[in-house]
Amino acid sequence: QNVQAAHFEQMATSGINVVRVPLGYWNLVDLPAGATPNGAGAIGARWRNLQNIMPAAAYKKWIDRVFDFASQNSIRVLLDLHGAPGAQADNTFTGCNPGAGNMYFDTDWNRKLSVQAVEAMAILCQSKGATCYGLELLNEPDNRFMREHLQWYYSGAITAARKHLPPEKPLMIMEWPNNLGWWKDRR
């Protein structure tokens, strides 16, 4: 009920030509039975509950609806990994508020799952042709994560996405302005 043709018609009338669609890893990949991202305490049970709402493939009908309504109104779609495994920030926009200081995105398992989620987004984007504008590889990673970790993640995510998307399809990296100097001389 929240994704309606009228919303896209109104956006198009207002001059909007790209819409950003936030996705959680659970919308894109299924974890092995009983597995969750790395995390501490009760947070694993909360992620398991998110994962058990429905299998990742079941979300496709709503994602397809967004793309259909967007296409009908000449709007392009930017897919965004908004909720990464283990949480890339300690607030609710990751899909499950893990609580202050509880962020576990920087484990090997969670990075691997995140890259799998990005590859699933890339496959979806490829299937939607020109209506898919591109991908945002991670929404607002917390400043407390080491940038070396993000560099490793982004490198893997870009490699996974480029297996399915051509160079002219944008892949966006979000970074905070106070960290831009760290990236200046790194490639």
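Two strands are said to pair if DSSP finds at least two bridges between them. In this predicted model, strand S1 (residues 18-24) meets that condition with S2, to which seven bridges join it, and the two strands run parallel. One of the positions at which they are joined is Val 18, whose bridge partner in S2 is Arg 76. Strand S2 (residues 76-83) also pairs with strand S3 (residues 132-136), again in the parallel sense, over four bridges. Here Leu 78 stands opposite Gly 134 of S3. Strand S2 thus has pairing with S1 and with S3, and it is mostly covered, seven of its eight residues being buried.

A disulfide involves residues Cys 125 and Cys 132, whose sulfur atoms are 2.1 Å apart.

Attention now turns to helix H4 (residues 108-127), in which Asn 110 lies. Asn 110 counts as buried because its relative accessibility is 0%, the limit for a buried residue being under 20%. The side chain of Asn 110 reaches the backbone nitrogen of Asn 38 at a distance of 2.8 Å. When neighbours within four places in sequence are left aside, Asn 110 is in contact with Pro 37, Asn 38, Pro 85, Gly 86, Tyr 104 and Phe 105.

A pair of aromatic rings is described by the distance of the centres and the angle of the planes. A search of the whole structure finds seven aromatic pairs. Among them, Phe 105 and Phe 145 form an edge-to-face pair, at 5.9 Å centre to centre and with 75° between the planes. This pair links distant parts of the chain, since Phe 105 is in the loop between S2 and H4 while Phe 145 is in the loop between S3 and H5, 40 residues apart. Both Phe 105 and Phe 145 are buried.

The ring of Phe 105 pairs with that of Tyr 153 as well: the centres are 5.1 Å apart and the planes stand at 80°, so this pair is edge-to-face. Distant parts of the chain are linked here too, with Phe 105 in the loop between S2 and H4 and Tyr 153 in helix H5, 48 residues apart. Phe 105 counts as buried because its relative accessibility is 0%. Tyr 153 is likewise buried, with a relative accessible area of 0%. Phe 105, Phe 145 and Tyr 153 belong to one aromatic cluster, which also includes Tyr 154, Trp 182 and Trp 183.

A further feature concerns Arg 111, whose charged end sits over the ring of Trp 152, 4.4 Å from the centre of that ring. The C-alpha atoms of Arg 111 and Gly 156 are 8.8 Å apart in space, although the two residues are 45 residues apart in sequence. Gly 156 has its place in helix H5 (residues 147-162). Its relative accessibility of 24% is the reason why Gly 156 counts as partly exposed, as this class covers values between 20% and 50%.

Note on methods. Residues numbered from 1 in each chain as written. Predicted model: local features only at pLDDT ≥ 70, side-chain atom pairs only at ≥ 80, totals over all residues. Heavy atoms only, no water. Buried < 20%, exposed > 50% of the residue type's maximum accessible area, 1.4 Å probe, protein only. Polar contact = N/O pair within 3.5 Å; in protein donor to acceptor, adjacent residues only side chain to side chain. Contact = heavy atoms within 4.5 Å. Disulfide = S-S within 2.5 Å. Phe/Tyr/Trp six-rings, centres within 6.5 Å; stacked < 30°, edge-to-face > 60°. Lys NZ or Arg CZ within 6 Å of the ring centre and 35° of its normal.
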